[in-house]
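Here is a short briefing to read alongside the model. Take a look at the structure first, then work through the points below.

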Amino acid sequence: MASPLATVSSFVEGAPPGEMLLPVLLPPAILDLFTEAICLDIKALTIDTPSLASQLGPAFEKYNEEQFATVKLPGSSQSVIVSSYNSLGDGRYYDVESSSSFVFDHSTQKASGVQSHVLESRQSDLVKSLLKSLSTHVKEHYPSASCGVYPIEDDSQIAAVVVANKYSPNNFWNGRWRSLYIFSPSSSSLTGSIKVDVHYYEDGNVRLLTTKPVSASVSSASASTIIREITVAEKKYQEEINKGFNNLSETAFKGLRRQLPITRQKIEWDKIAGYRLGQDIGGGSSKR
Amino acid sequence: MAEVDQFDSALDLLRRLDPKHTSEHLNSLISLVPSLTEDLLSSVDQPLTIARCRTTGRDYLLCDYNRDGDSYRSPWSGEFETPLGGQGLGGVDDQGNNEGAGEGAVPSERVRDMEVRANEAFDVYRELYYEGGVSSVYFWNLDDGFAGVVLLKKVATPSGKSEGTWDSIHVFEAVDRARTAHYKLTSTVILHLSTGNDNLGEMDLSGNMTRQIESDLPVEDDTSHIANIGKLVEDMELKMRNLLQEVYFGKAKDVVGDLRSIASLTEANRDKATHQEMINSMKR
């Protein structure tokens, strides 16, 4: 059996978009409606072993880095990304756009200790032009999103990250779109993944989880070529998701339960004892 | 007090974590806080398991309401069986006790007679609406009436990688009054859908929704009870099917569109501005 810490860590890992902490960004009047979040649930469930909650640091860090957590730096209105690709270690992350680094508290999701951070990389020109093109692309297709571009693996690759969140806890739904692209100049290849996570929880719990690996070859190592591939991949994928919804609705969902019996009439329950399977009901059961 | 909070927290957690893995999360919660075991098992709906009745050879559904220890009662034979390899038959022991499912585990003769007829009726209902699948109905006695659960399960594998599973769990109470009965129905549908291919990758749309209604309906005899419950369940399932359709294929899809716009936002905003300008010029 899993240890209590592993169990609680798995709860952290499974948190839907925007439901780890209380929605601090909401106005107080609305915030009063919410007294629960994954973190508070865990606190209540481990009240007899408070040391458990204090050991969740690594789980929060993993969650925030994998989910591309975003945070507003003190005195700035722009959200910056927290990921393994822009980590400097010891809880410090950097942002290329603002040439700064900051300390991120993974349990409260707050930033502090902002310092100047100048990008030092052999790829810094490509990183900066890619960031500019990616920002333009993001503004064209995401009403509210953050993005980042970082050199990784000792300057041998470049990671481009996009995350879009939409939280509507007063309507009981939240959503997140994540795109990750890794460009390798040596092989002129672009690989990565797109993930969508939508949670609806009014008198229920409904979750959309999608994941799609991306793989493309890029003809030249220029920002505009890379962004063109990203634009094509994302457009194609979003159209596929919409097709997926239609496909599930038309095949899997319809194959489970009819809206009405084949007679197009509700059952006459007073006569149900007289119904006999395979007869008397308009041939509706001939498929069996 | 702390226990009540813990129970609420456990339910809140289950409402947030991936509904495709509710049973695993439930087991995790039980191992974390063992004192919540009974309360959680009796209030959290899980996908239904199918077993085959040893006496009649017909499939039936397992849930907490026909369980007694490791045994489950078949609705077709009325007998307890150990389909999951448990030890010993459940039901009433020689002292007249039945552990696990409580006093109601074995219905009285009158209620069992209604249960038999309800199983026949919902077997017809299942065929008309599900064209396959498995149904089971379990009744138990209450001091001032009776209660029961109507279960329906269907698995669909239409083609390729698409999959679908539907589990309906309708728990009701029928309290007798003069010439009427007061019915209280709590219905949960657990619906898992998934599909995938090279262009799409993996797409999983899973969840559960719960709704409640109360209703007073005329009762002449025990047959009326079955017709009343049948109508309530039929109306509720129609309502919930529509609701699921709206949430799964309407709301979820809309949220994806809210996160990312296929069309260029500049163009969309320009169109909007042009539209507004036209409206303004017409007002002048």
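Chain B has six helices and 10 strands, while chain A comes to seven helices and 11 strands. Helices here are DSSP runs of H or I with at least four residues, strands are runs of E with at least two, and both are numbered from the N terminus. Please keep in mind that this is a predicted model, in which local features need pLDDT of at least 70 and side-chain atom pairs count only at pLDDT 80 or more, whereas totals for chains, interfaces and linings use all residues. Residues are numbered from 1 along each chain as its sequence is written, and chains are lettered from A and ligands numbered from 1 in the order in which they are written.

**Burial and contacts**
- Of the 284 residues of chain B, 43% count as buried, and for the 288 residues of chain A the figure is 39%.
- A residue is buried if 20 or more other C-beta atoms, placed from the backbone, lie within 10 Å of its own.
- Among contacts with a separation of 6 or more, residues 24 or more positions apart account for 49% in chain B and 48% in chain A.
- Two residues are in contact if their C-beta atoms, placed from the backbone, lie within 7 Å.

**Domains of chain B**
- The domain assignment, automatic or from a database, gives domain 1 (6-81) and domain 2 (109-259) in chain B.
- The C-alpha centres of these two domains of chain B lie 16 Å apart.
- In chain B, 14 residues of domain 1 are in contact with 20 residues of domain 2.
- On the domain 1 side, the largest share, three residues, comes from strand 2 (residues 59-62) of chain B.

**A helix to look at in chain A**
- Helix 7 (residues 223-253) of chain A has 31 residues and reaches 43 Å from its first C-alpha to its last, close to the 45 Å expected at 1.5 Å a residue, counting one less than its number of residues.
- Helix 7 of chain A has a kink of about 25°, centred on A:Asn247; the bend is the angle between axes fitted to the seven residues ending there and the seven starting there.

**Nonpolar cores**
- A nonpolar core is a set of buried Ala, Val, Leu, Ile, Met, Phe, Trp, Tyr and Cys residues joined through C-beta atoms within 7 Å.
- The largest core has 110 residues, and those touching the most other members include A:Leu130, A:Val149 and B:Phe139.
- Helix 5 (residues 222-259) of chain B gives the largest share of this core, 14 residues.
- A second, separate core of 23 residues includes A:Ala15, A:Cys39, A:Leu56 and A:Phe60.

Notes:
Buried ≥ 20, exposed ≤ 12 C-beta atoms within 10 Å, placed from the backbone.
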